[in-house]
Amino acid sequence: MLKFLFLFIFNNIYASKYGGYFSVKEKKYLEDNSSSSGSVGNFRIYEETNISKTFFSKLEGRVEYNSTALDFNDKYRTKNRDDLFDLYFGETYLRYKRSGFILQGGYQEIVWGESFGFNYADFITPKNLNSTFLSEADDSRRPIPSLQSKILIGDTSFQLIYGPKSEFSINYPLAMFFRDTFKTETLTVEKEKTEWFKEHEGGAKITTTIVGMDLSAYAYSYRDRVPYLEIKSWTPGSELIIQEKHARVTSVGFSFSTTVSDFVLRGDFLKHKNKKVNGQTATGIESYKVSENNFVLSLDTPTYSGYSFFVIAAMSELDTEISNAFRTRVQKIGSLKVTKEFTNKIKGEFVYFNDLDQKNSGLQLENSWNLNDQIDVALGGEFYFGKNTNISSKFKKFNNVFVKFKNFFSF
Amino acid sequence: MKNFLKPLIIGSIFAFSFNALAEMSALEMVKKADLKRGLGNIPHTFNVEVTNKNSDRKEVYKVSFKDINNTLSEQTEPEKNKGRKMLMKDYDIWLFTPNIKKAIRISLEQKLTGEVSNGDISKTNYAEDYDAKVLETKDTPQGKIIKLELLAKNKKVTYGKIEYYLSAKDYAPLEAVFFAISGKPLKRARFTDFKPVLGETRASKMIIQDYIEKEKESVLVFKDYKKEKLDENIFNKESLEF
């Protein structure tokens, strides 16, 4: 809180701009969960200051409420971090920028890769994974403390990133994974605590544009944002304490995008080494070290008569077969997104995706109204289909219809 | 044989020279008209305010124009679209939005998206992008008007064809009809509110109307022109997020 206050006072010495939004989403679940409805609320406020021609600062505070974990298990508890309510730094950094050189330090969101919406290469910045609606994926990021520099030479750039402290994603509700097991126990999840400068993260990216093609190659060493789980203690019928742990991972990748006629073709190829994934055994859960290869190819169209299309083919593959794993070894996903602008104020969005191996599918629909410059409202729903015996069908618990309200402000 | 060739060669030279002169003069007219809409093909910045008819909605863009191959527009209002940037560089276009957090390549066709296309906001030079020829000159109650036909030199240009109407008196732009590459008429624009800007009288307002749905109308107000030496690194897509 003191940090916020200090930065607020510092920024007020200079002429600053303020803005932000607050949003509320009310969900009605269509499956039998602990709660029949859920809520997600967000409040963000920022201050931006041009300190001089070369220095710029941004201070952002965020408040978030997400009931999802509790909706799936009313006996859910967390230690070290609250999955339900959080007050945290949004993008809060100081930037130095002069011709061809940028240095930026603070809490930042760093995104690599060429795909968007469904982006395997967006692995550096943690997320709230309870935001399952794909269109909200970009809003689910949580900035990490880091120092980055970028050198620009012609159409080429070199980026270096250093992270002094690891931060992690908010995981899916664990009740989703266990299905009928551990139904009677109070579930307590212990989040891993990290300290400043005890462990270090870092990586680099090189990007260039050659004859109409954007190319980038990158590598990053870090603590996996997604946890693997270990049972700390289990008293059948009473309590289960689970620890979320995070493996040290090295990721390397390559991305491209290019224009093909009126379309844009994008691709991301990524390898994560030394990840850990879980499998469920008769006596509990085990974790296994694996490498994971991810590929995504997408094609998007310009807007034709108000319609735009986005087709995605993606594959994620583990190098090891793990029995009763929380995920299948190979996931092949096909997806189609259609956006229709009915008027400049009304927009419809249809997203369909299919796990081609598991025969599970999902449908996300949203119709949004832009009431004025400040207010958007939306109605929609997310629906998942598949056999209950299938691990991917865990998402069926998320089936819901929703209404959403978002209000932007600036002063 | 020599007697047969001589008049042919002389005739061809005359015909070529006449055509070249006619084309050049049409192009000169467009160049003069360009200077009555913007500062021409020199590095400069300006702001554009866009309002739609029957709506209180206002969008504001800051445009950095280095030359016809390098333009950057950044939306500064309203709050929900603030920080959106579009970089046009030769045949490449990138869009940066604050939520996606990176510059993404988009199709050249996207420069036409929106009732007011991205090209309307950031491309004010027609002379560099289009070949021009005079179609006709006619007298009207407002004075003599020249009708020109502008044909796109390449695909990076916003429109396939423009019918452009200029005042014969000072080549001030009056009206334009924009066509897609396919030849379909898209919209009509009127240029108004001529004001002195940096030593030249220039149109500060462009009123764009959909060709079919005439009730769809947007007003673009161009202002705050500044000749400025622009750092070439702001036209690198990797700098859009900063």
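Predicted model: local features only at pLDDT ≥ 70, side-chain atom pairs only at ≥ 80, totals over all residues.
On the side of chain A that touches chain B, strand E8 (residues 144-153) gives the most, with four residues. Sort that side of chain A by class and you get 23 polar, 18 charged and 13 nonpolar residues.

Let's stay with this interface for a moment. In total, 54 residues of chain A are in contact with 31 residues of chain B. Between them, the two chains bury about 3500 Å², and 45% of that is on carbon and sulfur atoms.

The rule finds nine salt bridges across the interface of chain A and chain B. You can pick out one between the side chains of Lys101(B) and Glu91(A), at 3.4 Å from N to O.

Now for the empty spaces. Rolling a probe the size of a water molecule over the atoms shows where empty space is left. In this model, the count comes to five cavities of 30 Å³ or more. Take the second largest cavity, with a volume of about 110 Å³. It is lined by 13 residues, and the closest to its centre are Lys205(A), Lys102(B), Ala103(B), Lys237(B) and Glu238(B). So what classes do the residues of this lining divide into? There are seven charged residues, three polar and three nonpolar.

Most residues other than glycine have a negative phi, and most peptide bonds are trans. In chain B, go to the loop between strand E3 (70-77) and strand E4 (85-89), where you'll find Pro78(B). The peptide bond from Glu77(B) to Pro78(B) is cis, with omega near -5°. Then hop over to chain A and the loop between strand E17 (284-300) and strand E18 (307-318), which holds Ser305(A). Ser305(A) isn't a glycine, yet its phi is positive, near 45°.

Methods:
Residues numbered from 1 in each chain as written. Chains lettered and ligands numbered in written order. Heavy atoms only, no water. 1 Å grid on protein atoms, 1.4 Å probe; cavity = no way out; pocket = protein on both sides within 12 Å on 5 of 7 lines; lining within 4 Å. Points joined across faces, edges and corners; volume = space filled by probe spheres on them. Nonpolar A, V, L, I, M, F, W, Y, C, P; charged D, E, K, R; others polar. Contact = heavy atoms within 4.5 Å. Buried area = accessible area lost by both parts, 1.4 Å probe. Salt bridge = Lys/Arg side-chain N within 4 Å of Asp/Glu carboxyl O. Helix = DSSP H or I, 4+ residues; strand = E, 2+ residues; numbered from the N terminus.
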